[in-house]
Every structure is written in structure tokens, then in C-alpha cells.
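Trainee: Could we go through this one together before I set up anything on my side? I'd like to begin with a pocket and then move on to the charged pairs.

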Amino acid sequence: MRALFRAIARTQHAEITAIGLENIPADGPVMLVGNHPNSLLDFFNLLAVIRHPVATAAKDTITGLPVIGPLLRKALMVPLARKQDQDLSGLPEAERVKANQEAVREAVEMLARGRIFNIFGEGKSTDSRKLQKIKLGFMAIAIAAEKEFNFNLNL
């Protein structure tokens, strides 16, 4: 899967320059929070430059698709039930909240296993070349993970 994603990223970008990779430890949990200007390509670009397995948050309308959804879940995508997609997903509010609690639990488990977990803090992809308002969902994941480990996880 990683090779496929790297190939896809390279079809869009001849070269990707990554700055600060030395700040990602060889082991232990890492949480990446980034902006989201290029839809699915943002995740493919991460995989092209980061040599460790990267889990990422993704909207449930993508991870729930037939055929591709299970592949994305195998690629470590954690579904988030975004409020803005509620009309598309058809989830009642109580189920959406419950699904997101499960997503936070899954993200915490990945971090506890020493994985890199990525979330796009804007909460949506945009073609705009300026940073959109950052949503605080990433903080819920970080706090839940740290709380589970008595604030010794060192995210």
C-alpha cells in the first residue's frame, strides 16, 4: 500500500522537499497536525517522505466507501464523522458522537503502540493557499492519549 501511495504522490510532484524530518523520533508516539491544501494527496505526500507507518484521520464518507473504504482502513485511516458531512453520511447526531469517540479511542491506541498519527487540523481540504481555521479535534486525541498514560507519553 505504501508503495502505491508513494507512486501516486510522485505522479503529482516530481520532488517533495521535507524540512524537519530529523524531529521525528525513530520510535515512540508522534502526532502530526498539518494543513490540508491538496485533498488525498496530502496523505500520499506524507507517505512519500516519512519512512515510518503513518496512521491518519479521514472523513468517514471516504473510509465507508465500498471496496476502497476497507483498503483505506487497512492503510491505517481512522474514520471521523464530521458534522459538516452529516447529510452525506446519514448518521444521527448521537451515532456521530459515538463514532468519533471510537475514532479517538483508536487514535489513542495507535499512539500508545508508538505509531505516528496524522490529523489535518483544518478539518477539511481546501484549494485555498492560505491556512483555514484550525479545529481542536486534534487536542481531544492528544489529551486523551496523554491522560491514559498519566501525561508521560511525551507527544
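Trainee: Which element gives the largest share of the lining of the second largest pocket?

Mentor: That share comes from α2, which contributes four residues to the lining; a pocket here is an open set of points on a 1 Å grid over the protein atoms alone, where a 1.4 Å probe fits and protein lies on both sides within 12 Å along at least five of seven lines, and lining residues have an atom within 4 Å of a point. Bear in mind that this is a predicted model, in which local features need pLDDT of at least 70 and side-chain atom pairs count only at pLDDT 80 or more, while totals for chains, interfaces and linings use all residues. Residues are numbered from 1 along each chain as its sequence is written, and side-chain values use heavy atoms, with hydrogens and water left out.

Trainee: How many residues line it, and which lie nearest its centre?

Mentor: The second largest pocket is lined by 20 residues, and L32, G34, L46, V49 and I50 are the ones nearest its centre. The elements giving two or more residues to that lining are β1 (30-34), α2 (40-49) and β4 (116-120), where helices (H or I, at least four residues) and strands (E, at least two) are DSSP runs numbered from the N terminus.

Trainee: What about volume and residue classes?

Mentor: The volume is about 410 Å³, taken as the space filled by probe spheres set on the grid points, which are joined across faces, edges and corners. By class, the lining has 12 nonpolar, seven polar and one charged residues, with Ala, Val, Leu, Ile, Met, Phe, Trp, Tyr, Cys and Pro counted as nonpolar, Asp, Glu, Lys and Arg as charged, and the others, Gly among them, as polar.

Trainee: Switching to charges, how many salt bridges are there?

Mentor: The structure holds four, a salt bridge being a side-chain nitrogen of Lys or Arg within 4 Å of a carboxyl oxygen of Asp or Glu. One of them pairs R73 with E106, their closest N and O atoms being 3.2 Å apart. R73 sits in helix α4 (residues 68-74) and E106 in helix α6, so this pair ties together parts that are 33 residues apart in sequence.

Trainee: Is E106 buried or partly exposed?

Mentor: E106 counts as buried because its relative accessibility is 15%, whereas R73 is partly exposed at 34%; buried means under 20% relative accessible area, exposed over 50%, and partly exposed in between, with a 1.4 Å probe and protein chains only.

Trainee: And which residues does R105 pair with?

Mentor: R105 meets E102 in a salt bridge at 2.1 Å, N to O, and E109 in another at 2.0 Å, N to O.
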